[in-house]
Amino acid sequence: FYNEQKTDFLVDFFTPATVPGAAVTFSPNASPQTYFIGDQDRLERDTAIFAEVTYDLIPSKLEATVGYRYNETESELNGVAGYQSGPVFIDTSTSSNQSLYKANLSWHVNEDVLTYVTFSQGFRPGGVNRIQGATVPLVYEPDFIDNYELGWKTTSLNGRLRFNGAAFYVKNRDFQFGRFNFAEAPLLLVTNVGDTRSIGIETDFQFDATENLTFSGGFLILDSELDEDAFFGGDPARAAGGPPDAPEGTEVPFAPNFNATLSARYDGSINPEMDYFWQADITHNGSSFNGLTGSAVFPLQEQDSYTLVNLSAGIT
């Protein structure tokens, strides 16, 4: 697998109130009265080789799967960003390589029930921020996922009911966190803040109550928090031994403790040439925090839970 992606950025903030001495002149692509510009090119490359093998330990009963992926990533950023009073010229690259593993055991209890255990790994590549913050480094590192999962897949009632689910424990190492704070920089910056862990259970089902009426839905219960103190300055800030930006046990932002959905759909016929349906959906999203910590501009707040109801009908 090989992928190369090039992105040319021109982020041009301008206002008629910009006075001549404050207008950007260091970039030929700046519009008149520009007070901040990001004029940069980003190049990203990914190269990988991966393979997976499945073997029947007990034919039609127990199978084992192992997988491996070797990955090399590279990210380059060059250009300029900033105000006329302090442009930041960047010509920086970062690269890394990763070895990732997967292992699975699947047990076919019978024709209608399968259970499994899985260990799997994943990652997000590192990169270069568009500008360096007051404490956030210019370069951020990859982060990694270790996933431990126990799940089941079932059908019953002659195939009319499907019920699947999984319980999981996920460790995120060197968690990449995007943060927008004017005290750091006028742009969103990504930094590695430390480790997190998530414990949860998720399910989904579909029930064909009749030939025309179908119910479906599922839920997620999640407990996700920092597994160590978080430092927006990354490893250098952690090594300095100062107070953390967010302490161990802080809830991971935008990760509600409970989500659920339920749908009902009816499909019918008016005549041989005309079909109709009606559908009702209800979705609940639990409360979550908007960040790991707050600032004067963006205070830390708990976002309220909400429920959405959708009703629809149609004729074909």
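A residue counts as buried when its relative accessible area is under 20%. In this predicted model, Phe175 has a relative accessible area of 13%, so Phe175 is buried. Phe177, at 9%, is buried as well.

## Aromatic pairs

The model holds 14 aromatic pairs. One of them joins Tyr148 and Tyr169, whose ring centres are 6.1 Å apart and whose planes make an angle of 45°, a tilted arrangement. Tyr148 belongs to strand β8, which covers residues 143-156, while Tyr169 belongs to strand β9, covering residues 161-173, so this contact ties together parts that are 21 residues apart in sequence. Both partners are partly exposed: Tyr148 has a relative accessible area of 41%, and Tyr169 has 30%.

Phe175 and Phe177 are tilted, with 40° between their planes and 6.3 Å from centre to centre.

## A cluster of four

Some rings gather in a group. Phe13, Tyr35, Phe36 and Tyr83 make up one aromatic cluster.

## Charges over rings

The charged end of Arg265 is placed over the ring of Phe277, at 4.3 Å from the ring's centre. Arg69 lies over the face of Phe1, with 6.0 Å to the ring centre.

Definitions and conventions. Residues are numbered from 1 along each chain as its sequence is written. This is a predicted model: local features need pLDDT of at least 70, side-chain atom pairs count only at pLDDT 80 or more; totals for chains, interfaces and linings use all residues. Side-chain values use heavy atoms; hydrogens and water are left out. Rings of Phe, Tyr and Trp (its six-membered ring) pair if their centres lie within 6.5 Å; planes under 30 degrees apart count as stacked, over 60 as edge-to-face and the rest as tilted. Helices (H or I, at least four residues) and strands (E, at least two) are DSSP runs, numbered from the N terminus. Buried means under 20% relative accessible area, exposed over 50%, partly exposed in between (1.4 Å probe, protein chains only). A charge sits over a ring if NZ of Lys or CZ of Arg is within 6 Å of the ring centre and within 35 degrees of the ring normal.
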